[in-house]
Amino acid sequence: MADVGSGDANQRAVGAQMAAVHRRQPVDLVLLAGDNIYPSGDIRLVGKTFEEPYAALLAAKVPFHAVLGNHDIRTENGNPQIAYRPYGMKGRFYSVRKGDVEFFMLDTNGNAPWSQQLSWFRSALASSKAPWKVVVGHHPIYSSGLYGNNPELRAKLSSLMQRHGVQLYINGHEHNYERSRPIDGITYLVVGGGGAYLRPVLPTAQSAKAVSAYSFAELEATDKTLTVTAWDRNGKQIDRGVLVRKP
């Protein structure tokens, strides 16, 4: 999920439904795709925007791993969030391997150290043996929301992801939920309904599902399939899609 850090009842409701999923079938980790603390990434608000909404998951010792959004870098370029250990950030960019999935966590902000990050990303993708490669960044590459498709970010990342067999890109920034149809073999998943105010979204030809709802996505991987299930703040299933790995 992303765009979570409102600290209000909507964020707490999403957090409660995440805890309910964990009680039904324990989860391995939680990914935060940026804009972790509104309005300006002030770590002094981390209690209200992180520790309280996800208290049940944190008490169960479920690890979190975050990336930086555009609001997060407004305070000291996000460095206090990187240093905050419960966010599970190994730096501005890093990877996390869990079972059959490796997550590549990127800083997609304009002021990111792009040259260094892309060099690392290229090497990390090339050396990964994971059946599933999933990239997490804050900004959309393909989107039917307010910001739309992002040719600049696509130029930086998409061909590299295609070359190395990435199957899923996860982002926020758009305050809605959207799962794309596969585009050159990659599904693009917008999970920006984590707590911030919502924006409308209209499905387009590239959408498999698009809805303006407070929500989060649950991922379940086997060596052959990656299932995406989305839940809203009331625990209602709003989407389900299955990615099948090419042999």
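Mentor: A residue is called buried when its relative accessible area is under 20%, exposed when over 50%, and partly exposed in between, with a 1.4 Å probe and protein chains only. This is a predicted model, in which local features need pLDDT of at least 70 and side-chain atom pairs count only at pLDDT 80 or more, while totals for chains, interfaces and linings use all residues. Residues are numbered from 1 along each chain as its sequence is written, and side-chain values use heavy atoms, with hydrogens and water left out.

Trainee: Why does N109 count as buried?

Mentor: N109 has 2% relative accessibility, and the limit is under 20%, so N109 counts as buried. N109 lies in the loop between β4 (101-105) and α5 (114-127).

Trainee: What does N109 touch, not counting residues up to four places away in sequence?

Mentor: With contact meaning heavy atoms within 4.5 Å, N109 touches L68, G69, N70, I73, W114 and H139. The N109 side chain also reaches the backbone nitrogen of N70 at 3.3 Å.

Trainee: How many residues of the protein chain count as buried, as a percentage?

Mentor: By that definition, 60% of the 247 residues count as buried.

Trainee: What makes the protein chain as compact as a globular protein of that length?

Mentor: The chain has six helices and twelve strands. Its radius of gyration, taken over C-alpha atoms, is 16 Å, close to the 18 Å that the globule rule (2.2 Å times the number of residues to the power 0.38) gives for 247 residues, so the chain is as compact as a globular protein of that length.

How values were computed. Helices (H or I, at least four residues) and strands (E, at least two) are DSSP runs, numbered from the N terminus. A polar contact is a pair of N or O atoms within 3.5 Å; within protein, one must be able to donate a hydrogen and the other to accept it, and residues adjacent in sequence count only if both atoms are side-chain atoms.
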